[in-house]
Structure formats: structure tokens, C-alpha cells
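Thanks for coming, everyone. Please bring up the sequence and the model, and we'll walk through the inside of this protein.

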Amino acid sequence: MSTARTDWLNPIGNRLAIPGRSNHFRGRWKLISRRNFAVNRTVATGTSVMTPSVVAESSQGLQQLPFKPEGYNYWKWRSYRIHYVEKGEGFPIVLIHGFASSSFHWRYNIPELAKRYKVYALDLLGFGWSEKALIDYDALIWRDQVVDFLKKIVKQPAVLVGNSLGGFTTLLAAAALPDQVRGVSLLNSAGRFGDDISTTDKTEDTALHKFIVKPVEEIFQRVVVRSAFWITMRPDQIEAVLKSGVCSFLAKFKPYIFLLFARCIRNGWLVYRNHSNVDDYLINSILRPAADPNAYEVYYRLLKQLMSNPTKYTLDSVLSQLSCPLLLLWGDLDPWVHDRAKPNQIKDFYPNTSLVNFQAGHYPQDEVPEQVNKALLDWLSTLASEI
């Protein structure tokens, strides 16, 4: 009789278990290395992973950034290894991805923008091909990273473009470095206005809560998130959840909200309304970083930070410090940003704003890239005097 294995639960180990799908392994678990899990197309999943070969065009006929498992360029920042893509010549455009994503999420935008501009796509610390540092993450960490990237790599005025978490990061960087940022574009940006943040749901930090409730809660969260992280890190599972409405069902169960956030944010559940670009390239760009050392621990820390609902960084406080033109490229079908009035609220608060709406979800740059490219290029052409 086989002996049960528990080493797959170790978040920094080099092996994990996946459910077997062949007749031999059906009903059992098989152990594989995490690296093979992420990049080996022979994993028993029922869906193949893209090989390192270049995929030249999308289903829409657009040129794609060649996928490189080893990444493109690396920069040492505060002793951490940071990944970025650099293409084209001309005025610099810096692209910042969203939560649990990477520079490869700009796969359809980089080649088109690089025909006219010098394009950088940066992986934020803890994400993508950048190092998974075991630190306490905060919005100012990524702000400082982008500011230093502009100073030390770009070295001249630039336009910042950010999606989701990357959008809020670009706002913080632009506010901190107004002389070097000539324009900002947000795609379904994270962040809320101060009036929208509830401060009534704070738990009194009693001795019982501090020494018993919180430790037990954290143990439960770690077990659930760890299990979900590795079990669902399979190409067929990622493809299924990117196209399905699983989160809408799970959202009814508030006791499991942490698991909901863990899986929804990590894999982008239900954010693609158009499934045509949910392909091997996208799936592999999610799988590959999950094989990095410390990947689970970093995502756990990031999720805890998000769940803490910080109130010190709000859209109104950051927008009040902005001094450059702002472009909003907004997917109106975004199920993650439930406030449909948010882009108009931003425009009302900051009048130097242009707004373009799309019939797309949370990642319009990857779902309707041709429309996003056109809108961005048209706006950039109006900034001729600025750039």
C-alpha cells in the first residue's frame, strides 16, 4: 500500500501533487516538480501548455510579443531581480501590468506601440518574471520601483500606462515624479475614492481575538489558499475558470471569501468576456511565475494586504496631486470593478481626462487589443506638444 505524502503542502518545496487523469493515476495523486508543472506540456491535464516557440499572431491577426520562458531584460533594484521588456525607438511609453499578471499581458500592445515609440513593459516586484521577494508589500513599494525605473532605466520623460493594480501604481508614480511623467493612461484601474471606503467593519483587537482567533484564522487561510493555489495551477483549470462564472457562485459564501479572492485574483476568473484570446500563451504566462521559489508565500502576503482594505491611499488623494493629461481606457463589462460609474467619477474629479469605453472585461488590452491600441495611439498623438 502506498504511503501518503504531505510535502506537496510545503509552499517553498520543489515538488507538488496534482490529481491524476490517466487510467493509471485516476483517483490518485502524482508528484511532479514545480518547474515541470509550469512548463512541461506533458503534464496530465487534458490541455497542453504552449512550448517556447514563438506565436506570431493572435486570433485577431495582430502581431504578438514573442513568448520567452527565460524573459527579456533584467535590472537589479534594491538587491531584487526585476524583469522588463524593451522594444522600439522614440518617446518612451512604460506599461505596468495588473495583479498576478506580467509584462506578457501586453503581448498585443507592445509590437504595435513599438512601431512609433520606445516601449517598456515592467514586471512589478512579486509578480511575473520579477523576483518573489519575501517582504511586506505595500502600494509604495511598487510606486518606488516605477519611479526608480524611470530614473535609472528610462532616463527621460515618459508616458505611463497601467492596468488594474498597475493603474493605481502609475498614478502614485506620476504624482511622485511630475517632471518626468507627461501623461497617464489607466485601464480598469484599481483604487477607490475615500467616500467609498467603509471604516465601520473593524474588529476590536481584544486578547481573545489577538491570541486565539487571529492565529486560527491565519492557519485556516493558509491551508485553504495553499491547497487551492497548487491544485488549480493546471492549464485546463486556468482555461476553464478564465471562461466561467465560478466566482459568481462562490461569492454567495462569505465565510470562504478569502478563498474567493485567492482564486479570482490569482487567475482572473470571469474577467474575460471574450474568450478568443484565452489561449496557451495566456495560460503559460500565468503558470510560469507560479513555479518560482516563494510564489505561494508572496501571493498569500499580497492577498492578505488586499483583504486588509487599507484606507490611506485613495483615488481622490492621488488624483489631487496629478498634473498631467489622463486617459481612461475602460472595459464596461468588468465584473471585478463593480462600480460602473467609476470612470465618470474619475473624469468629474480630474477634468483633464479623456474617456474611451469598450465592450470588454477587466483586461481590455488583451481582450480587445486592436481597439485599445488605436485609442492609445490617437491620444498619444494629441500629446505631441507634451512629448
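Start with a definition. The expected span of a helix is 1.5 Å times one less than its number of residues. Keep in mind that this is a predicted model. Now take helix α4, residues 165–176. Its twelve residues should span 16 Å, and its end C-alpha atoms are 17 Å apart, so the two agree.

Setting aside residues up to four places away in sequence, L171 touches V184, L186, L315, V318, L319, L322 and L326.

Now the wider setting. In soluble globular proteins, nonpolar side chains tend to be buried together. Here the largest nonpolar core has 56 residues. Within that core, L125, L171 and L326 touch the most other members. Which element gives the largest share? Helix α3, residues 139–154, with nine residues. Apart from this core lies another, of 32 residues, including L95, A114, L329 and L377.

On to the aromatics. The count comes to 16 aromatic pairs. One of these is Y84 with F149. The two rings sit edge-to-face, 5.3 Å centre to centre, with 70° between the planes. Why point this pair out? Y84 lies in strand β4 (residues 80–87) and F149 in helix α3, so the pair ties together parts that are 65 residues apart in sequence. Y84 is buried, at 9% relative accessible area. F149 is buried too, at 0%.

There is also an aromatic cluster. F67, Y72, F104, W129 and Y281 form it. And look at Y74: R81 lies over its face, 3.6 Å from the ring centre.

Last stop, F127. Where is F127 found? In the loop between β6 (118–122) and α3. Buried or exposed? F127 is buried, with a relative accessible area of 0%. Leaving aside neighbours within four places in sequence, F127 is in contact with H97, F99, A100, S101, K132, W142, L165, Y299 and L302. One more distance: F127 and D292 are 165 residues apart along the chain, yet their C-alpha atoms are separated by 10.0 Å.

That's the tour. Over to you.

Terms used
Residues numbered from 1 in each chain as written. Predicted model: local features only at pLDDT ≥ 70, side-chain atom pairs only at ≥ 80, totals over all residues. Heavy atoms only, no water. Core = buried A, V, L, I, M, F, W, Y, C linked by side-chain atoms within 4.5 Å. Buried < 20%, exposed > 50% of the residue type's maximum accessible area, 1.4 Å probe, protein only. Helix = DSSP H or I, 4+ residues; strand = E, 2+ residues; numbered from the N terminus. Contact = heavy atoms within 4.5 Å. Phe/Tyr/Trp six-rings, centres within 6.5 Å; stacked < 30°, edge-to-face > 60°. Lys NZ or Arg CZ within 6 Å of the ring centre and 35° of its normal.
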